[in-house]
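Reader: Before I use any label in this description, I would like to see the value and the cut-off behind it. Please take the labels one by one.

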Amino acid sequence: MERNITDRKILEIRNLTKGFGSRGGYETRVIKGISMDIFPGDFIAVMGPSGAGKTTLLNLLSTLDKPDGGQILLDGENLEKVGNKRLSEIRRDKIGFIFQEYNLLDNMSLEDNIALPLSLNGVKSTEVRRRVQKMAAVFGLTEHLKKYPYQLSGGQKQRGAGARALVTEPEILFADEPTGALDSRSSRDLLVSLESANRSGNATILMVTHDAYAASYAKQVYFLADGQIRCRLVKKEERKAFYERILDLQISMGGEQE
Ligand SMILES: Nc1ncnc2c1ncn2[C@@H]1O[C@H](COP(=O)(O)OP(=O)(O)O)[C@@H](O)[C@H]1O
Ligand SMILES: [Mg+2]
């Protein structure tokens with residue numbers, strides 16, 4: 001992965017810190033000085049055990065929460081310096097989210113669910129249809145578009161949430177434990193879809209997970225421990241061999257990360 005110093009960064013994170021105060025007056029630092037750069041086309045998994053601060057980190061990067069210290073530049077824009085109006089534009093135009101819960105609307109077909117962010121933005125209907133078809137193909141949902149959420153499996157709903165998050169072509173997709181509620185077959189289908197969105201659609205993805213299997217679909221894995229990024233693995237091999245390497249590192253870092 002050769003980089004040029006002039007390469008555009010989607011996210012530039014410098015010395016980020018975040019803590020939560022408690023009634024007793026003790027502050028728990030959860031994020032203790034994290035710096036990282038994310039470039040177009042990256043697919044990064046941040047791994048760490050439950051309670052390591054993965055969700056906290058993702059909420060900071062995705063503008064849902066504010067850091068105590070440090071800087072986040074999204075596409076060159078310092079998030080600390082932008083007002084609320086600009087922040088909601090950034091969320092709408094530049095950021096996609098997938099959470100553990102699918103959050104599809106029950107009274108709309110899958111097609112309308114995926115189209116929703118475009119329809120809300122007043123995109124022309126022919127263009128909406130084209131983009132929905134494209135994302136449905138990436139996520140293996142083409143023959144399910146007319147169905148309603150209650151007619152879909154958990155895996156199909158989560159792939160629908162992925163398609164909806166990417167239909168606006170965001171600068172970056174944030175995924176928080178996206179396979180957390182899925183069985184292993186549906187997890188694999190979702191991860192293969194994300195991998196394909198990254199490879200063929202050039203989607204930039206930052207996923208946090210405690211699961212080595214999920215992480216092995218990413219191109220790079222960062223390990224979060226004690227509030228810092230402890231090490232980083234870059235995938236150079238087939239996924240299965242990468243998975244073994246992630247497990248080995250997990251064990252050498254202190255074993256069980258559940
Ligand atoms: N809003 C909050 N208020 C107080 N403590 C919090 C809050 N959010 C997270 N924490 C604490 O921060 C730590 C990291 O949480 P989290 O980021 O959810 O971890 P992870 O997603 O890796 O499981 C935990 O100890 C959690 O209890
Ligand atoms: Mg979490």
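Author: A contact here means heavy atoms within 4.5 Å. The model is predicted. Among its contacts between residues at least 6 apart in sequence, 68% join residues at least 24 apart.

Reader: What makes the radius of gyration agree with that of a compact globule?

Author: The globule rule is 2.2 Å times the number of residues to the power 0.38. With 258 residues the rule gives a value near 18 Å, and the protein has 18 Å, so the two agree. The C-alpha atoms fill a box of roughly 50 × 45 × 45 Å along the principal axes. The protein exposes about 12800 Å², of which carbon and sulfur atoms supply 47%.

Reader: How many helices and strands does the protein have?

Author: The secondary structure comes to eight helices and 10 strands. Four of the strands form an open sheet in the order E2-E1-E4-E5, with antiparallel pairing.

Reader: Why do strand E2 and strand E5 count as standing at the edges?

Author: Strand E2 (27–38) and strand E5 (77–78) each have a single partner strand, so one side of each is left without a neighbour in the sheet.

Reader: How do you know that strand E1 and strand E4 pair?

Author: Two strands pair if DSSP finds at least two bridges between them. Strand E1 (residues 11–21) and strand E4 (residues 69–74) share five bridges in the antiparallel sense, and therefore they pair. Ile 13 stands opposite Ile 72 in E4. Helix H1 (residues 54–61) packs on this sheet, touching E1, E2 and E4, and its direction makes about 125° with that of E1.

Reader: Why is Leu 166 called buried?

Author: Buried means under 20% relative accessible area. Leu 166 has 6%, so it is buried. Leu 166 lies in helix H5 (residues 154–166). Leaving out residues up to four places away in sequence, Leu 166 touches Met 135, Phe 139, Leu 173, Ala 197 and Ala 203. The C-alpha atoms of Leu 166 and Ile 95 are separated by 8.9 Å, although these residues are 71 apart along the chain.

Reader: Why do Ser 187 and Glu 195 count as buried?

Author: The cut-off is again under 20%. Ser 187 has a relative accessibility of 7%, so it counts as buried. Glu 195 has 15%, so the label buried applies to this residue too. Ser 187 has its place in helix H6 (residues 184–199), and Glu 195 is found in helix H6 as well. With residues up to four places away in sequence not counted, Ser 187 touches Thr 179 and Leu 182. Glu 195, with its neighbours within four places left aside, is in contact with Phe 43, Tyr 217 and Lys 235. For the protein, buried residues make up 49% of the 258 residues.

Reader: Where do Glu 169 and Asn 202 lie?

Author: Glu 169 is in the loop between H5 and strand E7 (172–176). Asn 202 is in the loop between H6 and strand E8 (205–209). Glu 169 is not a glycine, yet it has a positive phi of about 55°. Asn 202, also not a glycine, has a positive phi of about 60°.

Note on methods
Residues numbered from 1 in each chain as written. Chains lettered and ligands numbered in written order. Predicted model: local features only at pLDDT ≥ 70, side-chain atom pairs only at ≥ 80, totals over all residues. Heavy atoms only, no water. Helix = DSSP H or I, 4+ residues; strand = E, 2+ residues; numbered from the N terminus. Axes fitted to C-alpha atoms, helices over the stretch in contact; angles between N-to-C directions. Buried < 20%, exposed > 50% of the residue type's maximum accessible area, 1.4 Å probe, protein only. Areas by Shrake-Rupley, 256 points an atom, 1.4 Å probe, with all protein chains shown as cover.
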